[in-house]
Amino acid sequence: MLTITLVACGGSVELNPPPPPVPVQLSVDFNSSPTGWVGGYSDFSTSTKPNDVVTDFKTLPAPFSGKGLYVFGTNRSDDLFIYVKKKFTGFAPNKQYALDYQITFLSNAASGCIGVGGAPGESVYVYGAAAAIEPLTMQAGEEYSMNIDKGNQAAPGKNALVLGNIANSSTNCGNAPYQEKNLASKTPLQVTADASGAIWLLLGLDSGYEAASQIYYKSIVVTASPTGR
């Protein structure tokens with residue numbers, strides 16, 4: 001180990017530098033109903049606030065077995081964002097990490113369908129986000145939005161990646177079956193841990209489809225690689 005010695009008038013003091021940060025992998029299987037995940041929603045006004053948003057652990061629809069984190073809500077504003085979040089610790093304090101996401105979920109939104117405001121599949125975007133502060137819905141006048149820069153629909157923000165959309169391979173626009181879908185980040189998301197070594201992770205659906213959307217999150221794997229900053 002490298003030891004640094006400082007020489008002062010009153011003697012010398014040895015300082016051992018902290019070990020370099022190491023990669024961290026977070027793996028969550030929602031079949032086991034992990035605790036600590038909290039739901040919320042934003043991107044609406046007082047007049048378009050939805051009244052049916054659900055984030056809950058539920059049994060997966062047939063023919064699948066087990067449980068998942070169910071997310072449901074009706075977009076009345078042409079821009080509804082539904083999210084789940086959790087605080088994770090164990091990172092190096094004040095250090096920057098590059099985050100890569102892998103998400104598995106079930107969707108019954110078919111491909112190539114027409115809907116009000118946008119397609120029920122291709123116009124509902126899946127987000128992976130992270131921040132040192134807790135992501136919260138904030139009110140400004142009659143508008144409700146996030147306190148982090150998540151971007152909007154197909155456009156990512158400083159604190160979020162757009163991983164893809166919820167369209168599955170079915171073309172049955174009237175009655176598409178649930179199918180499993182996997183999404184992974186194409187570029188990493190940069191985030192700096194807070195002074196205690198904590199990072200908030202967030203999964204979100206950003207909808208441009210003016211009707212109801214729903215998915216079941218099955219699992220998420222986030223690999224956090226230190227960048228040296």
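Student: Is aspartate 78 buried, partly exposed or exposed?
Tutor: This is a predicted model, and in it aspartate 78 has 32% relative accessibility, so it counts as partly exposed. Buried would need a value under 20%, and exposed one over 50%.

Student: Where is aspartate 78 placed?
Tutor: Aspartate 78 sits in the loop between strand 7 and strand 8. Its phi is near 70°, a positive value in a residue other than glycine.

Student: Which value does phi of asparagine 94 come near?
Tutor: Phi of asparagine 94 is near 60°, again positive in a residue other than glycine. Asparagine 94 belongs to the loop between strand 8 and strand 9 (96-107). As background, most residues other than glycine have a negative phi, and most peptide bonds are trans.

Student: On peptide bonds, which residues does the cis one at proline 63 join?
Tutor: It links alanine 62 and proline 63, with omega at about 10°. Proline 63 lies in the loop between strand 6 and strand 7 (67-74).

Student: Changing topic: how many residues of strand 18 are buried?
Tutor: Nine of the nine residues in strand 18 (residues 199-207) are buried, so this strand is largely enclosed by the rest of the structure.

Student: Which way do the residues of strand 18 point?
Tutor: Ile199, Leu201, Leu203, Leu205 and Ser207 point one way, while Trp200, Leu202, Gly204 and Asp206 point the other way. In a regular strand the side chains alternate between the two faces of the sheet.

Student: And which strands are joined to strand 18 by bridges?
Tutor: Strand 8 (residues 80-88) is joined to strand 18 by nine bridges, and strand 10 by eight. Strand 8 runs antiparallel to strand 18, and so does strand 10. For landmarks, valine 84 has leucine 203 as its bridge partner, and alanine 129 stands opposite leucine 202.

Student: What joins strand 10 to strand 15?
Tutor: Five bridges join strand 10 (residues 124-131) to strand 15, and the two run antiparallel. Valine 126 faces glycine 164 of strand 15 there. Strand 15 (residues 160-165) is mostly covered, with five of its six residues buried.

Student: What about the open sheet, what is its strand order?
Tutor: The order is 5-12-11, three strands with antiparallel pairing. Strand 5 (44-45) and strand 11 (137-140) are at the edges with a single partner strand each, so one side of each has no neighbour in the sheet. Four bridges connect strand 11 to strand 12 (residues 143-146), and alanine 140 stands opposite glutamate 143.

Student: What does the side chain of threonine 48 reach?
Tutor: The side chain of threonine 48 reaches the backbone nitrogen of serine 45 at 2.9 Å. Threonine 48 lies in the loop between strand 5 and strand 6 (54-59), and at 17% relative accessibility it counts as buried. Leaving aside neighbours within four places in sequence, threonine 48 is in contact with Arg76 and Ser77.

Student: Last one: how much space lies in the largest pocket?
Tutor: About 270 Å³. Of the 17 residues lining the largest pocket, the closest to its centre are Asn108, Ala109, Pro120, Tyr209 and Ala212. Strand 19 (residues 212-226) gives the most to the lining, with three residues.

Student: How many charged residues are in that lining?
Tutor: The lining of the largest pocket has no charged residues; it has eleven nonpolar and six polar ones.

Note on methods
Residues are numbered from 1 along each chain as its sequence is written. This is a predicted model: local features need pLDDT of at least 70, side-chain atom pairs count only at pLDDT 80 or more; totals for chains, interfaces and linings use all residues. Side-chain values use heavy atoms; hydrogens and water are left out. Two strands pair if DSSP finds at least two bridges between them. Buried means under 20% relative accessible area, exposed over 50%, partly exposed in between (1.4 Å probe, protein chains only). A polar contact is a pair of N or O atoms within 3.5 Å; within protein, one must be able to donate a hydrogen and the other to accept it, and residues adjacent in sequence count only if both atoms are side-chain atoms. Contact means heavy atoms within 4.5 Å. On a 1 Å grid over the protein atoms alone, a cavity is a set of points where a 1.4 Å probe fits but cannot get out, and a pocket is an open set with protein on both sides within 12 Å along at least five of seven lines; lining residues have an atom within 4 Å of a point. Grid points are joined across faces, edges and corners, and a volume is the space filled by probe spheres set on the points. Ala, Val, Leu, Ile, Met, Phe, Trp, Tyr, Cys and Pro count as nonpolar, Asp, Glu, Lys and Arg as charged, and the others, Gly among them, as polar.
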